[in-house]
Amino acid sequence: MDGWSWAALPAGLALVPPGWKVSPPPLNSTSLPAVRGRLCRPAPGTMASTEEEGTAEEKENNNKKRTKSALATAWLTFYNIAMTAGWLVLAIAMMRFYIQKGTHKGLYRSIARTLKFFQTFALVEVVHCAIGIVRTSVIVTGVQVCSRIFMVWFITNSIRQIQNEESVILFLVVWTVTEITRYSYYTFNLLHHLPYFIKWARYNLFIVLYPLGVIGELLTIYAALPVVRRSGMFSMRLPNKYNVSFDYYYCLIIVMLSYIPLFPQLYFHMLRQRRRMLLGEVIVEKDE
Amino acid sequence: RSPVVFFEVEILDAKTKDKLCFLDKVRVNLFPYPQWYPARQSIRLDPKGKSLKDEDVLQHLPVGTTATFYFRDLGSQISWVTVFLTEYTGPLVIYLMFYFRVPFIYAPKYDFTTSKHWVVHLACMCHSFHYMKRLLETLFVHRFSHGTMPLRNIFKNCTYYWGFAAWMAYYINHPLYTPPIYGEQQIRLALILFLFCQIGNFSIHIALRNLRPPGSKTRKIPYPTKNPFTWIFLLVSCPNYTYELGSWLGFTLMTQCLPVAFFTLVGFIQMTVWAKGKHRSYLKEFRDYPPLRSPILPFIL
């Protein structure tokens, strides 16, 4: 093995790792017992109880931290209540439309503004993760929010011809149920009064809803493809002074293909969360 | 008579806390893990702490006479030199393939034709010069503190360099390429900026190399030398990144190509992250670190 060396000790030969020094025993030592003391380094965190309370500056910092987290909790509670309310409004509006008109045609147009407002506002959740008041990965949240924003603004909002597709209703229903469950879960969590059925719903409904939502989204994008190709929307051709080209049609195909690696990762992430939160399993995560 | 102090060392797996190895009186009892060659061993005093260095001496570590170390497998390793050579050769070759308009890239009538714009030839020379310089520096100039990096990095890095090189080269060498709006003036200014920053970047690499005698891993504060291109050390901790940014800004200006601008931006973000880290570790290691210096952009970043 690279770098290892042999050291001759009274007890025999020893393999010594690279860089390690072996202190040779004094010549007249063979009859004396070895000192086997145990000098323990204090474990990290245990010293705190024996130290003094801390300087005035530390106390001030602790106070600042407490006000910041009270503020954060207040904002998050307000945010989650508002979002729950928003998606409830959407759900009720969708149901009313369908009951009154008996068809899904025109349903999207009727709720488009509300949907765009609340779904776009969700961008703020990425900021929550980035500044640390919510302990979720920025990337996971970012990917989820971005895919929603993409669907709303770059597909359904921009491509009017597909707004009456059934697949749009499918993913709208899925999103509505998912978001109402999710935001009410966060709200109750922050208020420390979580009814079990909300927790159950949050960590079980997704098993069916996630795949259904993906199917709805993919079918919608697929329906949009011919329209995009014909109209050449959002695309740029050569020659132009920026020396770049962009074909929205092929971009959409790449987006559809990207569901293949991304969706399983998010799905299994939620499954792992479910095992941890509902069944209390301790999972050894792979290190980054 | 003074008592003898022997060391007992146990090495545990950082995740499962299994006992992997126990050294009694510094005599190895068991070592059944030959696939974990030294380069992929991370030995540390705390499971979540920093890795100990190869040069650390057992007697100087904060342990008693029974030392407990935690082992973590760093995964398959690959040498830095290999990674650098691979990731830089790719762009060199790929760009030339687009420049010579190898078949199946553009429409068949353009196969093996050459661009009528002289800026396209200039851009090819600059791009090729840049990557040749990087390859030669990897072979003859750089002194690496770490021998190896995880194997998966080579795939990540090559995708980044090769992918961007192909994307840029496609548009610059395209038959429908549009030369810069301000024509000769713009190209001349861009070329001067590019060359200036290439020389600057090289000067910094030489200066950093001279800080460290061959084979050593000591760290010293870099200072300006007689070479005027190193005077930027007065204001910046990592001027090699500053000059690199300047070179790519020059190339962007020269080609007036949005993908190149995008590549410059992404590179700038990554280099800023690295520069900030390096600046922070300089500040931690040296009490007398010059306070006027910024990580990458004088006074700004």
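**Exercise 1.** Describe the span made up of residues 78–100 of chain B in this predicted model.

*Solution.* Start with the ends: the C-alpha atoms there are 33 Å apart. Next, read the secondary structure, which is 87% helix and 9% strand; helices (H or I, at least four residues) and strands (E, at least two) are DSSP runs, numbered from the N terminus. Then turn to the record: an unreviewed UniProt entry lists residues 78–100 of chain B under "transmembrane region", and such annotations may be inferred rather than shown by experiment.

**Exercise 2.** Work out the geometry and burial of helix α2 of chain A.

*Solution.* First, take the length: α2(A) covers residues 107–121 and reaches 21 Å between its first and last C-alpha. The expected span, 1.5 Å times one less than the number of residues, is also 21 Å. Second, look for a bend (the angle between axes fitted to the seven residues ending at a residue and the seven starting there): a kink of about 45° is centred on Arg113(A). Third, find the buried residues (under 20% relative accessible area, 1.4 Å probe, protein chains only); among them are Leu107(A), Ile111(A), Leu115(A) and Phe118(A). An α-helix has 3.6 residues a turn, so residues three or four places apart point the same way. Finally, the cover over the buried residues of α2(A) includes α1, α4 and α5 of chain A.

**Conventions.** Local features need pLDDT of at least 70, side-chain atom pairs count only at pLDDT 80 or more, and totals for chains, interfaces and linings use all residues; side-chain values use heavy atoms, without hydrogens and water. Residues are numbered from 1 along each chain as its sequence is written, with chains lettered from A and ligands numbered from 1 in the order in which they are written.

Notes:
Buried means under 20% relative accessible area, exposed over 50%, partly exposed in between (1.4 Å probe, protein chains only). Contact means heavy atoms within 4.5 Å.
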